[in-house]
Amino acid sequence: MAGTIAARLRRALPLIGVVAAVLLAAFIPLPVPTPDPIERTIRVEASRFAYQPGIIRANRGDQITIELTSVDVVHGLSVDGYDVELQVDPGRVSSVSFITNNEGTFRLRCSVTCGDMHPFMVGKLQVGPNTLLMRAGFLSVMLTAIGLSRSTRLGRWGK
Ligand SMILES: [Cu+2]
């Protein structure tokens with residue numbers, strides 16, 4: 001009886017290892033060097049119906065100043081997840097400063113109805129390092145290690 005339980009456990013062991021590796025990869029705090037916060041000014045040009053640049057990248061804790069200009073009609077800019085909202089007349093500059101405290105990807109939206117495609121006038125604010133790729137790499141290393149340890153163990157039993 002005890003033998004069958006042990007055998008079952010032994011068979012389940014690789015699966016437990018894989019599950020543990022996936023959980024580790026998903027939640028382990030990675031030794032990502034956190035860059036010192038900096039101040040940066042980004043000039044964003046609004047036109048119907050896009051922002052240029054469309055993606056603003058920052059690290060957590062940076063002080064961002066967005067200088068918004070418009071080349072055609074009145075546009076706005078608000079950032080999901082942040083208390084940021086500004087409007088700009090064509091040919092003028094409006095600016096707003098804020099600290100990127102929230103990590104993740106946030107949508108920029110035009111807050112002034114500026115034409116047919118206005119709802120599609122969006123951009124992105126990306127805050128923080130992208131650790132997804134590093135986590136995937138870590139996971140594949142772990143799985144390879146589990147696979148190797150398993151095959152060497154089987155080899156030993158074979159003798
Ligand atoms: Cu607009």
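## Overall make-up

The protein chain contains 2 helices and 9 strands. This is a predicted model. Read from the N terminus, the elements follow the order α-β-β-β-β-β-β-β-β-β-α.

The protein chain has 159 residues, and 14% of them count as buried. Among contacts in the protein chain with a separation of 6 or more, 67% are between residues 24 or more positions apart.

An open sheet is formed by 5 strands, arranged in the order 3-9-8-5-6, and its pairing is mixed. Strand 3 (55-58) and strand 6 (84-88) are at the edges; each has a single partner strand, so one side of each has no neighbour in the sheet. On average, neighbouring strands of this sheet are turned by 20° against each other, with direction ignored.

Inside this order, strand 5 (residues 75-79) and strand 8 (residues 104-109) run antiparallel and are joined by 2 bridges. Which residue of strand 8 stands opposite S78? The residue is R109.

Most peptide bonds are trans.

The peptide bond from R48 to F49 is cis, and its omega is near 5°. F49 belongs to the loop between strand 1 (39-47) and strand 2 (50-52).

The peptide bond from Q52 to P53 is also cis, with omega near 0°. Where is P53 placed? P53 is in the loop between strand 2 and strand 3.

Key: Residues are numbered from 1 along each chain as its sequence is written. This is a predicted model: local features need pLDDT of at least 70, side-chain atom pairs count only at pLDDT 80 or more; totals for chains, interfaces and linings use all residues. Two strands pair if DSSP finds at least two bridges between them. Helices (H or I, at least four residues) and strands (E, at least two) are DSSP runs, numbered from the N terminus. Axes are lines fitted to C-alpha atoms, for helices over the stretch in contact, and angles run from 0 to 180 degrees between N-to-C directions. A residue is buried if 20 or more other C-beta atoms lie within 10 Å of its own, exposed if 12 or fewer, and partly exposed in between; C-beta atoms are placed from the backbone. Two residues are in contact if their C-beta atoms, placed from the backbone, lie within 7 Å.
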